[in-house]
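I opened this entry to keep a record of what I looked up in one structure. The sequence and the model come first, then my notes.

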Amino acid sequence: MIFVASAASAPAASGAYALALRLDAPLEIRLGKIAAQLPAGDYLYCGSANGPGGLRARLARHMRPKKRVHWHIDRLTAVAHVLGAFVEEAGDECALNAALGDLPIPVAGFGSSDCRRCVAHLRYWPAGAALPSRWENARKAAESPPPA
Ligand SMILES: [Zn+2]
């Protein structure tokens with residue numbers, strides 16, 4: 001697993017990712033019959049990219065604020081800041097989501113309409129909440145300068 005701050009740093013291969021997002025203000029969200037309010041704060045959204053351009057192309061789409069709303073997550077990326085993404089080549093989105101099992105689920109059904117395993121693919125990431133060590137290590141590796 002690696003952490004990337006921009007889509008250009010992500011591999012063009014297929015795999016799974018967890019997008020890290022920040023909402024500066026609460027967001028009203030409507031998904032079919034579900035209406036919910038997401039509090040301001042940080043979120044992690046788990047998805048997978050298997051199309052042309054792989055993870056790089058998918059993350060570039062998420063990081064672009066203007067686009068046609070196609071997925072639930074598009075409503076969030078239209079207003080939230082994308083902080084970066086945890087990326088796992090050949091990974092599985094539900095496995096990433098399961099690894100975040102300690103983090104609260106703000107809206108049941110968000111991003112998981114076609115998933116039978118998860119309640120939602122969006123997690124609230126409370127300030128200071130630690131992620132699994134593999135994730136924290138990826139984040140630290142991205143922050144430290146490359147060896148001279
Ligand atoms: Zn799932």
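My notes run from the whole chain down to single residues.

**Ground rules.** The model is predicted, so I took local features only at pLDDT of at least 70 and side-chain atom pairs only at pLDDT 80 or more, while totals for chains, interfaces and linings use all residues. I number residues from 1 along each chain as its sequence is written.

**Whole chain.** I found 4 helices and 7 strands in the chain. Helices (H or I, at least four residues) and strands (E, at least two) are DSSP runs, numbered from the N terminus. From the N terminus on, I read the order of elements as β-β-β-β-β-α-α-β-α-β-α. The radius of gyration is 15 Å, close to the 15 Å that the globule rule gives for 148 residues, so the chain is as compact as a globular protein of that length. That radius is taken over C-alpha atoms, and the rule is 2.2 Å times the number of residues to the power 0.38. The C-alpha trace spans about 55 × 35 × 30 Å along its principal axes.

I then looked up contacts, where two residues count if their C-beta atoms, placed from the backbone, lie within 7 Å. Of the contacts with a separation of 6 or more, 69% are between residues 24 or more positions apart.

**Sheet.** I looked up which strands pair, which takes at least two DSSP bridges between them. An open sheet is formed by 5 strands in the order E1-E6-E2-E5-E7, with antiparallel pairing. Strand E1 (2-4) and E7 are at the edges with a single partner strand each, so one side of each has no neighbour in the sheet. From one strand to the next the twist averages 25°. I noted 8 bridges between the antiparallel strands E2 and E6; Ala20 has Gly84 in E6 as its bridge partner.

**Helices on the sheet.** Axes here are lines fitted to C-alpha atoms, for helices over the stretch in contact, and angles run from 0 to 180 degrees between N-to-C directions. H1 lies across E2, E5 and E6, at about 20° to E2. Helix H4 (residues 133-143) lies across E1 and E6, at about 50° to E1.

I call a residue buried if 20 or more other C-beta atoms lie within 10 Å of its own, exposed if 12 or fewer, and partly exposed in between, with C-beta atoms placed from the backbone. By that count, 32% of the 148 residues are buried. A nonpolar core is a set of buried Ala, Val, Leu, Ile, Met, Phe, Trp, Tyr and Cys residues joined through C-beta atoms within 7 Å. The largest one has 31 residues, and Tyr17, Ala18, Leu19, Leu44, Tyr45 and Ala85 touch the most other members. Elements supplying at least two residues each include strand E2 (15-23), strand E5 (41-49) and helix H1 (54-62). E2 gives the most, with 6 residues.

**Leu21.** Is Leu21 buried or exposed? Leu21, in strand E2, counts as buried, with 23 C-beta neighbours inside 10 Å. Its C-alpha atom is 9.6 Å from that of Tyr124, 103 residues apart along the chain.

**Ala90.** I found Ala90 in the loop between E6 and helix H3 (93-99). Phi of Ala90 is near 60°, a positive value in a residue other than glycine. Most residues other than glycine have a negative phi. Ala90 is exposed, with 10 other C-beta atoms within 10 Å.
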